[in-house]
Amino acid sequence: MVTNGERVQPNQLLAEVALGKSRLSTEKAAKDVASDLAGEVLFADLVPEEKTDRQGNTTRIAQRGGLLWILSGEVYNLPPGAEPVVKNGDAVQAGSVLAETKLVTQNGGVVRLTPGKREIEIITASVLLDQARVRIESSAGRDQYAIYTTNNQRFLLKATPGTKVLNNQVVAELIDDRYRTQTGGIIKYAGVEVAKRGKAKQGYEVTAGGTLLWIPEECHEVNKDISLLLVEDGQYVEAGSEVVKDIFCQSAGIVEVVQKNDILREIVIKPGELHLVDEPPMPLVAEGQLLYPGADLIPGLEVEELRYGEVVETPEGTAVLLRPVIEFAVPDEPDVPSQASINSGAKGVTTIELRAIQRLPYKDGERVKSVEGVELLRTQLILEMSQGSGEEHSGTSQLSADIELIADPTDGVEEDMRLQLVILESLVIRRDTAADSLSGSTTTKLLVSDGDEIAPGAVVARTEIQCKEEGLVRGIREGAEAIRRVLVVRKADRISIPISGTPKVKVGDLVVAGDALSASTAVPESGQVVQVTADTVVVRLARPYRVSAGAVLQIDNGDLVQRGDNLVLLVFERAKTGDIIQGLPRIEELLEARKPKEACVLSKRSGESQVVYEEDETVDIKVIEADGTITDYPVGPGQNALVSDAQQVLAGQALTDGPANPHEILEIFFNLMLPEKGVYEGALVGLSEAQRFLVNEVQSVYQSQGIDISDKHIEVIVRQMTSKVRVDDGGDTTMLPGELVELRQIETVNEAMAITGGAPAQYTPVLLGITKASLNTDSFISAASFQETTRVLTEAAIEGKSDWLRGLKENVIIGRLIPAGTGYNAYEDTTLAPVDADYDRGSTLGYSYGDRDGSDLDQEDPLDVVLDDRTARAYSLDERASFGSDPNSFGDVLDDEDEEEDFEDDYLDEEEE
């Protein structure tokens, strides 16, 4: 805050120093800055920089911070396709035309206007069926349109008049019974070639004629119980026979029954001649096939006409069924004339044709299930439209054909009408707006009238965008892409400020409210100086926005923005609130002893820090120890150094920001103390440092929410987490490498090894999460009650484990007495003496938690003495009743030396003995 040699005052701020380690974790945040007024963007001292990510997306960011100005003005949004009719610097009046849009026809044709509709229809091409007549016929209470041609063909109109028909849609279908069958059957192609065009459900278009072979069969879909069947499979039935209850067959033939799970699915009656044979012909066994006249498949039987032969099983035995085959001739071209378009004017820009095609609804070899019969071949008239120019229609003019019925002036019959198909290009006229706040007023003028014939590309209507207030035009960029906005600077966007004295500003300067225009005059509002005279300064109103370095720019210099448009996206860091969302995962992370994400770098030994800042904003930290050893600490991306150059750092101190890793704390202090104090003392120091860190971290999370928990509750948990070590080398002990053992247990074994002269076990202290610590406890009952019950109990059973019920948890689980809630204070007595096996018979209580005199007990209240179940089992009910009344009664139970020894064996632990 001060420079070298500057004179300072008392209490003056000299410098700002960053805090040491911030306990608050931060998160990346972004905020959109929207414009408060419409106008023109001006970058003052802002330097944009383009950055491309791995996906190739380019973003423009501010290289360094600065001011972004919006110079006031009225911005007009132009509709798509509008072209401005004014230039920069033009003075416009209210109601002047700023821009105009043109409604252009693509195909040209005859204009058709409908009063009251905002739509112009242009007839591009039309087809008139001049040789055919259309009549309305009523059938089954429904009107339908029938087309009668000159050669007495009758078509059914599929598309009703007034509807729009798209390309390749069916307009009419020939009513023809020549290809109608009596029943269902099997269809086979003989020389017929088809092409699959369009949707398969419309059928297969015939490309080359031939013959359709039809093998009739009657198929009833039943889906009833098998008990209703009145015939058997392979039986020959006559026409009119009842095959299933209430179902009669129409033709005579062999019955085929299809059933599944005692449900009758289908009954098929196949007509034909039945010939019993001893040995069925091999070609017919697998599947049926066509037999041509003169074929001699069966000895003594010659086929006279085309038949379809198949082998059937009848009640009389195996037989060959010769089924009749019906032939339908299919011509190469349908005998219906196609109608081409009668185009007027536009030299065949768009052609329209009613093309006659033949379609087969079934593919070769398909089995058609039916009782009434089906149509094998359909002759249809479909609409085909093609554009000669090859240009695609734009979205405003969708090509479709209208079906229209017009009266026939030549024919005297009133019912007869002519069918006309018309291709219409529809153009929607823009609705006029009185005064849109963002776009100004619009006026649309129609340039054509009904019946006019226009060429392709002609302008049909013109829409003008008018200015609301007078002013100067600005913001039109020449040579850029389509111009979408125009700016008009009005009188209201400028203010004149009278000044006294010499002006301190010049034209083009940007001034913030409060800046001095002269020695005695300050500017009342922010803006850009546009005119300076001896006594007046004219300022164009503007608004500055502060942009920080790294902010994402949504606009470019010179862009026009409306009020509410986003200008920049500010990217910044903010402190995370340590609420329950961040708190509970942090507690879990600590108590499960997980390595935290983005953990800080800890110093392994004490020394002097050396911080080197690289060019690409990365930091390199080195620590020079007292003996001259230099340790390099790599700093990850996004981590900030917390130490300064030449600062003294201690072992275990954080060098960068972020949460510490408790495993690392344990390792650092254990390795530090190992050479000086040995493995046991080093482990104790390392574990105590890890314990202190865990307790403080857990407490900080709870205290950030104002919750006070006594340290002892957390310490109980942490003690269990830090009670184990991992064996590195078993030495002469029975322990295996990798085994987890309690620290005090392994130290006891090592003391015994020191006495016997054996090699002690080498070990490393470990920090276990509460889950792992609970599952690694000596008590299998305690472990099984926590997690993975099945696995823990299975392993305990396989290993033959014993649970000595030494801990509190396992005693609670099986319901033993525990010293809780009794007010029993012997555990807090500092004068506790170990139980001596050589007690005398005169003592008050042989097995006691302490030396309590019999006079201390209230003789009246037997509950004053608390028995656990181990001591209580020694007495009968009478003895227990007299226990509280006579302080020496317990000694009388032991009459001789044997009983005394038995008591010691039964009720004293090995350690106590």
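Modeller: Here is a quick tour, topic by topic.

Modeller: This is a predicted model, where local features need pLDDT of at least 70, side-chain atom pairs count only at pLDDT 80 or more, and totals for chains, interfaces and linings use all residues. Residues are numbered from 1 along each chain as its sequence is written, and side-chain values use heavy atoms, with hydrogens and water left out.

Colleague: How many helices and strands are there in the chain?

Modeller: The chain has 13 helices and 55 strands. Helices (H or I, at least four residues) and strands (E, at least two) are DSSP runs, numbered from the N terminus.

Colleague: And what share of the residues counts as buried?

Modeller: 39% of the 913 residues. Buried means under 20% relative accessible area, exposed is over 50%, and partly exposed is in between (1.4 Å probe, protein chains only).

Colleague: What about contacts between residues 24 or more positions apart?

Modeller: They account for 60% of the contacts in the chain with a separation of 6 or more. A contact means heavy atoms within 4.5 Å.

Colleague: Switching to helix 3. How far apart are its end C-alpha atoms?

Modeller: Only 20 Å, although helix 3 (residues 662-703) has 42 residues. A straight helix would reach 62 Å at 1.5 Å a residue. The expected span is 1.5 Å times one less than the number of residues.

Colleague: Where is the kink in helix 3 centred?

Modeller: On Lys677, with a kink of about 140°. The bend at a residue is the angle between axes fitted to the seven residues ending there and the seven starting there.

Colleague: What holds strands together in general?

Modeller: Strands of a sheet pair through backbone hydrogen bonds, either parallel or antiparallel.

Colleague: How many residues of strand 29 are buried?

Modeller: 6 of its 8 residues, so strand 29 (residues 317-324) is mostly covered. Strand 28 (residues 307-314) runs antiparallel to strand 29, joined by 8 bridges. A hairpin links strand 28 to strand 29 through 2 residues. Thr314 is the bridge partner of Gly317 in strand 29. Strand 26 (residues 273-276) also runs antiparallel to strand 29, with 4 bridges. There, Leu276 is partnered with Ala319.

Colleague: Which strands pair with strand 53?

Modeller: Strand 54 (residues 740-742) is joined to strand 53 (residues 724-729) by 3 bridges, antiparallel. Lys724 stands opposite Glu742 in strand 54. Strand 55 (residues 762-765) is joined to strand 53 by 4 bridges, also antiparallel. Val725 has Pro765 in strand 55 as its bridge partner.

Colleague: Arg359: buried or exposed?

Modeller: Arg359 counts as buried, at 5% relative accessibility. Arg359 lies in strand 32 (residues 350-360). Not counting residues up to four places away in sequence, Arg359 touches several residues, including Gln202, Tyr204, Glu205 and Arg378.

Colleague: And where is Leu517?

Modeller: In the loop between strand 43 (510-511) and strand 44 (527-532). Leu517 is buried, with a relative accessible area of 0%. Leaving aside neighbours within four places in sequence, its contacts include Ile497, Pro503, Val523 and Val537.

Definitions and conventions. Two strands pair if DSSP finds at least two bridges between them.
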